[in-house]
Amino acid sequence: MSFVQYKVQDPVHQLANVLCTTKIKPMITQCCMVALYNRQKNCAPDEKAHFDQTIALAKQWERRKCNHREPLEPSVCIEQVVGPANQHRYMLAADDPVLRRSLRRVVPGLPLLHYSQSVLILEPMSDLTDRHIGHMEANKSAIPASERKLLEKVSQQQDNPAETAPEQAMPVKRKKPKAPNPLSVKKPKTLKSTPNISERSSLDAAKAKKPQVTEAHTLQQVTRRRKKRGRGDSHAGGN
């Protein structure tokens, strides 16, 4: 209700100045809207205009669904929406000091804002948030469990070198070169085998044993055949 009490005109502009950014997305829950309407009905006549202005401004903001069928108190609704770990990374602007104090002690990483005499104030980091950040940084720089076991094993081997004898190194299996694809290889040309010295000598000896036919020998055979034919013709004429 600081908007009505301090007559705040543009809270989004004040948020931009405090947070040094223009990317601001103001939100309000349905239970808080119901609480505004109820206070407007019971307000004094001189405050009605300020309540109307505040409700008109709240209608421009995004309506955060709290899924409460029956409207709850704004503090209870906001506490349930934020949750125990502030999963959606909200920044809370609330007038209720009890709500801010309880969330500051329980929820880490929840920035808190409130008005003090029409001035928007960003509260300092809580001790819980500081411890949570330190725990996260320690986890990031910590050694993983697998590496820790390896280091422990190495330290044990260094302390007791006799007990932990080095194991025989297994021979490294080298891959043999694969044969080429027979379909992609060009077939080699077959060469005629030349006879060696022993084979040549045997062939020459066989040729020497065969009778050689000369021209004189062939003439003798021809003349013999002609004489035989002449004798046969003479015998036939005498008969």
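Leaving aside its neighbours within four places in sequence, which residues is His114 in contact with? Let me start there, hello everyone, and please keep in mind that we are looking at a predicted model.

His114 is found in strand β4, which covers residues 112-116. Beyond its neighbours within four places in sequence, His114 is in contact with Ala94, Arg100, Val119, Leu120, Ile121 and Glu123. Is His114 buried or exposed? With a relative accessibility of 17%, His114 counts as buried, because the cut-off for that class is under 20%. Two names in that contact list will come back in a moment, Arg100 and Glu123. With Glu123, the side chain of His114 also makes a polar contact, side chain to side chain, at 3.1 Å.

So let's stay with Glu123 and turn to charges. How many salt bridges does a search of the whole structure find? The search gives three.

Take Glu123 and Arg100 to begin with: their side chains meet in a salt bridge, 2.8 Å from N to O. This pair links distant parts of the chain, with Glu123 in the loop between β5 (119-122) and α7 (127-141), and Arg100 in helix α6, 23 residues apart. Both partners are buried, Glu123 with a relative accessible area of 18% and Arg100 at 12% relative accessibility.

Glu123 forms a salt bridge with Arg104 too, and there the closest N and O atoms are 3.4 Å apart. Here again distant parts of the chain are linked, since Arg104 sits in helix α6, 19 residues from Glu123 in its loop between β5 and α7. Arg104, at 27% relative accessibility, counts as partly exposed. Put together, Arg100, Arg104 and Glu123 are linked in a network of salt bridges.

Now for Lys25 and Glu62, whose side chains meet in a salt bridge at 3.1 Å, N to O. Lys25 is in the loop between α2 (11-19) and β1, while Glu62 is in strand β2, 37 residues apart, and the pair links distant parts of the chain. How accessible are these two? Lys25 counts as exposed at 59% relative accessibility, and Glu62 as partly exposed at 33%.

Next, helix α5, residues 74-82. Which of its residues are buried? They are Cys77, Ile78, Val81 and Val82. Seen down the axis of α5, these buried residues fall within an arc of 125°, so they line one face of the helix. What covers the buried residues of α5 includes β1 (27-29), α3 (30-41), β2 (62-64), β3 (92-93) and α6 (97-106).

Last item, from the records. An unreviewed UniProt entry annotates residues 173-189 as "domain: UTP23 sensor motif region". In our model that span is 0% helix and 0% strand, and its end C-alpha atoms lie 37 Å apart.

Note on methods. Residues numbered from 1 in each chain as written. Predicted model: local features only at pLDDT ≥ 70, side-chain atom pairs only at ≥ 80, totals over all residues. Heavy atoms only, no water. Buried < 20%, exposed > 50% of the residue type's maximum accessible area, 1.4 Å probe, protein only. Helix = DSSP H or I, 4+ residues; strand = E, 2+ residues; numbered from the N terminus. Arc of directions from axis to C-beta. Contact = heavy atoms within 4.5 Å. Salt bridge = Lys/Arg side-chain N within 4 Å of Asp/Glu carboxyl O. UniProt positions renumbered as here; feature names shortened; annotations may be inferred. Polar contact = N/O pair within 3.5 Å; in protein donor to acceptor, adjacent residues only side chain to side chain.
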